[in-house]
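Trainee: I would like to go through a model feature by feature. Could you show how each one is read?

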Amino acid sequence: MKKIFITALALCSATLASASDNDLWEKSTLNQVLNRGELRVCAEAGYMPFDMRDKKGNIVGFDVDIGKAMAKAMGVKLDIRNTAWDGIIPALLTDKCDIIISGMTITPERNLKVNFTDPYIVVGQTILLSPKLKGKVTNYRDLNDAKYTIATKLGATSDYAVKRYMSQAKLNLFETESEGVLEVVNGNADAFVYDLPYNAIYSAQNEGKVLHLDDSFTYEPLGFAIRKGDPDFMNFLNNYLAQIKGDGTYDKIYRKWFASSSWISNVQ
C-alpha cells in the first residue's frame, strides 16, 4: 500500500511539474514572438555605431544587424521601435517591446529591474577633450577639478562615471549624445565623457574640433535586456549569441560597423 501511495504521489508531482513547465512556456516572450511572427526590439537611435538613422530615416547599426540576424534565426519579422533612453526600460516592462538591444551596459541597478543576457560586447568610457586643453589634461583624473565643466548624456553610464570619478568637476547633462558633445565643440564645456565607440567615430569625423583621450577608464559589458521570469527566452538568447560568435556571423557584423568607416557617409 505504501509503495502504491509513493508511486501515485510521484506521478502526481510529475504531472504538476509538466503542467507548470507548459504554463511557463505559454507565457514566455519567445513563445509569444513565434506566435506573433514578429520580434519587437526597443532601441534608441542616436548611439553610433549601435543604433542611428541613415539619410533615408531608417534605423541602422550594429545592434540592428544583430537583431536582423536574430529575427531571421527565429523565422519572424523584425520591428525596431525607437524609444527615448529614459523610458526604454519602462517600455520593456510594460510590454511595448520584447527585448532591448540598444548598447545597454549591464549594471546592478538595471539588473534589479530586468534580466541581462551574457555580454555581447564590452566597451568603456573615454573622453573627448577641448583642443585648448591638449597637454594640460591627459586622463580622467586631471578633470577631477572644480575649474572644469564636463558634459555627458543624462541617465547613461557615463553620467554615473563622471559623478564617481570626476565628482569635483561641474557636470552638465543632456538628453542626447550629440547635444553633449556640441558643448565641447562650441566651447561651453571642457570635456565630453561617453562610450569609446561613439567617441572614436565622432573624433574621426570632427578632426581638430575635439581631442580623443582613448584609454577607457571603466569596464562596461553590454547585454540584451528582457523581462524577468523568462528562462526559455534567456536560454535561446545566450545560445544564439554563442552560435553567431562561433559561426562567423558576429565577426562579419562587427567588422562592418567597427573596422570600417564606409557607412559613415550614409548616416545623418
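This is a predicted model: local features need pLDDT of at least 70, side-chain atom pairs count only at pLDDT 80 or more; totals for chains, interfaces and linings use all residues.

Trainee: What does the secondary structure of the protein chain come to?

Mentor: The protein chain has 10 helices and 14 strands. Its C-alpha atoms fill a box of roughly 90 × 40 × 30 Å along the principal axes. Of its 268 residues, 47% are buried.

Trainee: What share of the contacts with a separation of 6 or more comes from residues 24 or more positions apart?

Mentor: Such pairs account for 71% of those contacts in the protein chain.

Trainee: And the surface and charges?

Mentor: The accessible surface is about 13,600 Å², and carbon and sulfur atoms hold 52% of that area. There are 31 positive and 32 negative side chains, with the centres of the two sets 1 Å apart.

Trainee: Which residues does the UniProt annotation "domain: Solute-binding protein family 3/N-terminal" cover?

Mentor: In the unreviewed UniProt entry, that annotation covers residues 38-261. The end C-alpha atoms of this span lie 31 Å apart, and the span is 35% helix and 23% strand. UniProt also lists "domain: Ionotropic glutamate receptor C-terminal", again from an unreviewed entry, for residues 38-260. For residues 38-260 the end C-alpha atoms are 30 Å apart.

Trainee: How do I read burial along a helix?

Mentor: Start from the helical repeat. An α-helix has 3.6 residues a turn, so residues three or four places apart point the same way. Now take helix 10, residues 249-258, where Y250, I253 and W257 are buried. Viewed down the axis of helix 10, these buried residues fall within an arc of 70 degrees, so they line one face.

Trainee: What covers the buried residues of helix 10?

Mentor: The cover includes strand 2 (52-53), strand 3 (59-60), helix 3 (62-74), strand 7 (121-123) and helix 9 (231-247).

Trainee: Which residues are buried in helix 7?

Mentor: In helix 7, residues 177-185, the buried ones are E177, G180, V181, E183 and V184. Their arc about the axis of helix 7 is within 140 degrees, so they too line one face of the helix. Among the elements covering them are strand 8 (125-129), strand 9 (149-153) and helix 8 (196-205). After helix 7 comes G187, with a positive phi near 85 degrees.

Trainee: Where does E175 lie, and what does E175 touch?

Mentor: E175 is in the loop between strand 10 and helix 7. Leaving out residues up to four places away in sequence, E175 touches E44, D86, K153 and L154. Its relative accessibility is 47%, so E175 counts as partly exposed; the exposed class begins over 50%.

Trainee: Is D95 buried, exposed or partly exposed?

Mentor: D95 has 37% relative accessibility, so D95 counts as partly exposed.

Technical notes:
Residues are numbered from 1 along each chain as its sequence is written. Side-chain values use heavy atoms; hydrogens and water are left out. Buried means under 20% relative accessible area, exposed over 50%, partly exposed in between (1.4 Å probe, protein chains only). Helices (H or I, at least four residues) and strands (E, at least two) are DSSP runs, numbered from the N terminus. The arc is that of the directions from the helix axis to the C-beta atoms. Contact means heavy atoms within 4.5 Å. UniProt positions are given in the numbering used here, feature names are shortened, and annotations may be inferred rather than shown by experiment. Accessible areas come from the Shrake-Rupley method with a 1.4 Å probe; for residues, only the protein chains shown count as cover. Lys and Arg count as positive and Asp and Glu as negative; His and the chain ends are not counted. The place of a charge is taken as NZ of Lys, CZ of Arg, CG of Asp or CD of Glu.
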